[in-house]
Amino acid sequence: MSEAAVEVCRAFRNEGRCRYGENCKYEHSEGERIEPPPRGPCFNFEESGECEFGDRCRYLHGDEDGSRFEKKPRKRRPRKPRRDPDEGEGGEEGADAEGGNGRGRRARRPRRRNGEKLDEECNNYKAGRCRYGENCVRKHVGDVEQIIEKLDEVCNNYREGRCTFGERCRRRHE
C-alpha cells in the first residue's frame, strides 16, 4: 500500500491511545488533532419537523444547527468535600437521599450491615459455581452442589497467606 492510501487512527491521534493497540488496522502516528466527520441530517427531523431527542440528538436539525456540535470549553466547578459515611443520611447532600450523588453518576448500592444478604438470588450458585460460599452477598436458594473448575496456576494470594477462598479457590494451593 502506498503512503497516500494509509488512514490514520483518529483515536490514537486525538487521545494518544487506541483500544485495538497493535491490532488496529489504521496507522498510529502523532500529529495535529483530527476532527470527527461532519454529522448528517436527522431523518426524524426531516420527515416531521420534530425529533424526540431534541438537543440531545446526534444529528443535524436543519442547516443552521451545526453550532451546537462545536466544542466549547468546559467550566470547572469547585469540588464539594466528600461526605463522611459515619454522619448519617442528613446534611446538605440532598441528592444522596434521593438516590443520586449530585454529580451525575449512578448511585451506589446501599451498604450491607453485618453479612446481610442482598434481596436477589446468586446466579453463580444456581449454576453450581459460586466461589464465595457463606461470604456471598446474594442469597443461595436450594441445595445445589458447587463444582469449582480448577486452573493450572498457583494462587499468589495463598503463597502470601491471604487467600479468602480456601477450598473454593480456582487456583492451586501449594
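Me: Let's start from the rule: a disulfide is a pair of cysteine sulfur atoms within 2.5 Å. How many disulfides does that give?

Reply: Zero disulfides come out of that rule. Keep in mind throughout that this is a predicted model.

Me: What makes you say that Cys 57 is in no disulfide?

Reply: The nearest cysteine sulfur to Cys 57 belongs to Cys 51, and it sits 3.8 Å away. A disulfide needs the two sulfur atoms within 2.5 Å, so Cys 57 is in no disulfide.

Me: And how do you know that Cys 169 is in no disulfide?

Reply: Its nearest cysteine sulfur is that of Cys 163, at 3.8 Å. With the cut-off at 2.5 Å, Cys 169 is therefore in no disulfide either.

Me: Why is Cys 57 called buried?

Reply: Cys 57 has a relative accessible area of 5%. Buried means under 20%, so Cys 57 qualifies. Cys 169, with a relative accessible area of 3%, is buried because of that cut-off too.

Me: Which helix has the lowest mean pLDDT?

Reply: That is helix α3 (residues 94-97), with a mean of 43, while helix α5 (residues 156-159) has the highest, 90. Over residues 89-101 the pLDDT is below 50, and this stretch has 13 contacts in the model beyond near neighbours in sequence. Where pLDDT is low, predicted coordinates should not be read in detail. For the protein overall, the average pLDDT is 76, and 68% of the residues score at least 70.

Me: What makes Arg 33 and Glu 35 a salt bridge?

Reply: Their closest N and O atoms are 3.9 Å apart. The rule asks for a side-chain nitrogen of Lys or Arg within 4 Å of a carboxyl oxygen of Asp or Glu, so the pair counts. A search of the whole structure finds eight salt bridges.

Me: Why is Glu 35 called exposed?

Reply: Glu 35 has a relative accessible area of 56%, and exposed means over 50%. Arg 33, at 43%, lies between the 20% and 50% cut-offs, so it is called partly exposed.

Me: How do you know that Glu 120 forms a salt bridge with Arg 138?

Reply: The closest N and O atoms of Glu 120 and Arg 138 are 2.7 Å apart, and the limit is 4 Å, so the pair meets the rule. This pair links distant parts of the chain, 18 residues apart: Glu 120 is in the loop between α3 and α4, and Arg 138 in the loop between α4 and α5. Glu 120 is partly exposed at 32% relative accessibility, as is Arg 138 at 27%.

Me: Which other residues take part in salt bridges?

Reply: Lys 126 forms one with Glu 121, the closest N and O atoms being 3.3 Å apart. There is also a network of salt bridges linking Asp 152, Arg 172 and Glu 174.

Me: Where does Val 141 lie, and what does it touch?

Reply: Val 141 is in the loop between α4 and α5. Leaving out residues up to four places away in sequence, Val 141 touches Glu 121 and Tyr 125. Val 141 and Cys 122 are 19 residues apart in sequence, with a C-alpha to C-alpha distance of 8.0 Å.

Me: Why is the pair of Tyr 132 and Phe 165 called tilted?

Reply: By the ring rule there is one aromatic pair. The ring centres of Tyr 132 and Phe 165 are 5.5 Å apart, and pairing requires centres within 6.5 Å. Their planes meet at 55 degrees; under 30 would be stacked and over 60 edge-to-face, so this pair is tilted.

Me: What does that pair tie together?

Reply: Tyr 132 lies in the loop between α4 and α5 and Phe 165 in the segment after α5, so the pair ties together parts 33 residues apart in sequence.

Me: Is Phe 165 buried or exposed?

Reply: Phe 165 has a relative accessible area of 19%, and the limit for buried is under 20%, so Phe 165 is buried. Tyr 132, at 42% relative accessibility, counts as partly exposed.

Note on methods
Residues are numbered from 1 along each chain as its sequence is written. This is a predicted model: local features need pLDDT of at least 70, side-chain atom pairs count only at pLDDT 80 or more; totals for chains, interfaces and linings use all residues. Side-chain values use heavy atoms; hydrogens and water are left out. pLDDT is the predictor's confidence in each residue, from 0 to 100. Helices (H or I, at least four residues) and strands (E, at least two) are DSSP runs, numbered from the N terminus. Contact means heavy atoms within 4.5 Å. Buried means under 20% relative accessible area, exposed over 50%, partly exposed in between (1.4 Å probe, protein chains only). Rings of Phe, Tyr and Trp (its six-membered ring) pair if their centres lie within 6.5 Å; planes under 30 degrees apart count as stacked, over 60 as edge-to-face and the rest as tilted.
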